[in-house]
Amino acid sequence: MSQIDKKLLFLMLICFFLSLNAWAQDEDMQESVQSEDTEYDSVITKYDTENSSLVRIKKNYKLGDGVTFITKNGSFNITQSLQTLYNMQTPDEFDSFSSQFRIRRARMKMSGNAFDNKLYYRFRLNFASNYQSATSGARSYNPVLQDAYIEYRPTPNQRINFGLRADYIDTREIRFEGEVLGFVERSAVPDAFDAIFDYGIRYTGTFRVFNKQLIKPYASITTGEGNAALQQNYGGFKYGVRLDYLPFGEFTKSGEFYMEDMIREPKPKLVFGGIYSYADGASSAKGTNGGRYIYGGTTENILLPDYIKYGVDYLFKYRGFYSLGSFVKTKATVPSGIAGEFNLSGVFVPYKNETPEQIQNKVLSRLNLGYGYNIQAGYLLPSDISFGLRYSHLYQDQQSASFAALNNFYSFVATKYFSGKSFKLQGELGYQEYAEPTLLANGSYLAQIMLTIVL
């Protein structure tokens with residue numbers, strides 16, 4: 001790590017500790033673990049106690065509630081969201097421009113519970129998904145499906161789920177759904193290192209320590225292949241853990257799971273966490289497109305590299321102000337004996353006249369290896385207008401896939417909230433520096449406008 005990178009990481013830690021003088025305040029605890037679906041859970045809690053044998057629709061609708069059906073045995077909720085985006089970019093100091101109108105997200109989510117809230121399920125589609133996989137045939141996946149899991153809740157503070165969902169062991173930004181981000185997009189760090197969606201089994205819990213402090217452990221065993229595992233799992237599994245520490249208790253109304261301080265926390269709130277994951281046999285750059293690269297030995301037995309990721313992150317909120325930071329690093333180990341690879345048709349193609357070192361470098365050059373960090377902060381005015389600043393940095397190892405051609409990112413965002421998190425307009429300006437400046441420019445300028453509505 002260079003001296004400049006060490007100084008920037010030190011500044012990020014300083015920003016994290018600047019608010020220490022405000023953190024030593026007490027807070028009343030919530031009775032149970034909060035989750036990404038706490039707003040829907042509150043609807044369930046309110047109506048499950050009513051002894052009705054009829055199907056009813058929740059009254060007093062407000063934007064973002066969706067449609068909720070309630071019976072004495074459970075509840076079922078449907079919500080929809082739409083994000084329209086315009087962006088403009090100049091890669092060469094305003095000599096040329098490119099622009100685009102697009103649908104960033106168009107989602108439908110269905111979720112519900114049964115058996116006194118012991119069983120929860122969630123299903124979500126993104127109809128605007130436009131990612132085209134570089135794979136073909138058996139190595140393909142459906143990018144429209146984003147969530148499809150069932151969760152068992154033996155106690156209010158213990159949850160086990162099975163299926164497809166965003167992973168706990170990615171950076172904290174992934175815990176915020178796209179509709180509740182404080183910026184138009186997430187930072188460059190999760191884009192470089194996080195798989196986001198994967199199939200597997202996961203556990204999360206909440207434990208009180210020292211009276212009012214909380215510890216939240218997370219654990220997962222997933223395919224490590226992302227959405228591609230819908231058809232086949234290549235290699236072994238991906239094992240991951242996260243441990244979060246909340247010294248001042250739970251955030252108000254699930255504030256831990258959306259970016260800005262919409263509640264305007266009356267007392268300081270902080271969550272600090274660490275992540276670690278080990279993918280036994282990786283077949284894509286970061287676990288999002290499993291089956292892209294499959295290697296074999298002289299007998300055509302499959303041999304795959306192992307992919308390791310670890311990092312730390314935090315989120316702080318107080319009276320409309322929030323600060324968010326993360327640091328992530330990845331590395332890989334390559335097995336000996338690799339003698340070739342399987343092409344997309346499944347045919348084994350031996351390497352010719354390549355040394356073991358050259359083969360190892362080839363494998364590493366297809367994985368996102370290096371580190372990145374992000375730090376950002378924002379403030380929400382009483383008029384429901386917010387402003388935010390963000391800085392992100394990526395470093396790419398010498399032997400790695402190319403993910404850091406742009407390595408320094410600066411952003412400023414302004415947001416107007418018309419109806420809480422459910423209806424907002426965002427405008428963002430950004431500058432992205434080239435790791436290797438060209439004769440025409442040192443970086444790229446970007447402007448974006450996005451409108452979000454949740455029904």
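Modeller: A cavity is a set of points, on a 1 Å grid over the protein atoms alone, where a 1.4 Å probe fits but cannot get out. This is a predicted model, in which local features need pLDDT of at least 70 and side-chain atom pairs pLDDT 80 or more, while totals for chains, interfaces and linings use all residues. Residues are numbered from 1 along each chain as its sequence is written, and side-chain values use heavy atoms, without hydrogens or water.

Colleague: What volume does the second largest cavity have?

Modeller: There are 3 cavities of 30 Å³ or more. A volume is the space filled by probe spheres set on the points, which are joined across faces, edges and corners. For the second largest cavity, this gives about 60 Å³.

Colleague: How many charged residues line the second largest cavity?

Modeller: Lining residues have an atom within 4 Å of a point; among them here are Gly224, Ser277, Lys238 and Lys286. Asp, Glu, Lys and Arg count as charged. The lining has 3 nonpolar residues and 4 polar ones, and its charged residues number 2.

Colleague: Which residue meets arginine 172 in a salt bridge?

Modeller: A salt bridge places a side-chain nitrogen of Lys or Arg within 4 Å of a carboxyl oxygen of Asp or Glu. At 3.9 Å, N to O, the partner of arginine 172 is glutamate 256.

Colleague: Is arginine 242 buried or exposed?

Modeller: Arginine 242 meets aspartate 244 in a salt bridge of 2.9 Å, N to O. Buried means under 20% relative accessible area, exposed over 50%, and partly exposed in between (1.4 Å probe, protein chains only). Because its relative accessible area is 2%, arginine 242 is buried.

Methods:
On a 1 Å grid over the protein atoms alone, a cavity is a set of points where a 1.4 Å probe fits but cannot get out, and a pocket is an open set with protein on both sides within 12 Å along at least five of seven lines; lining residues have an atom within 4 Å of a point.
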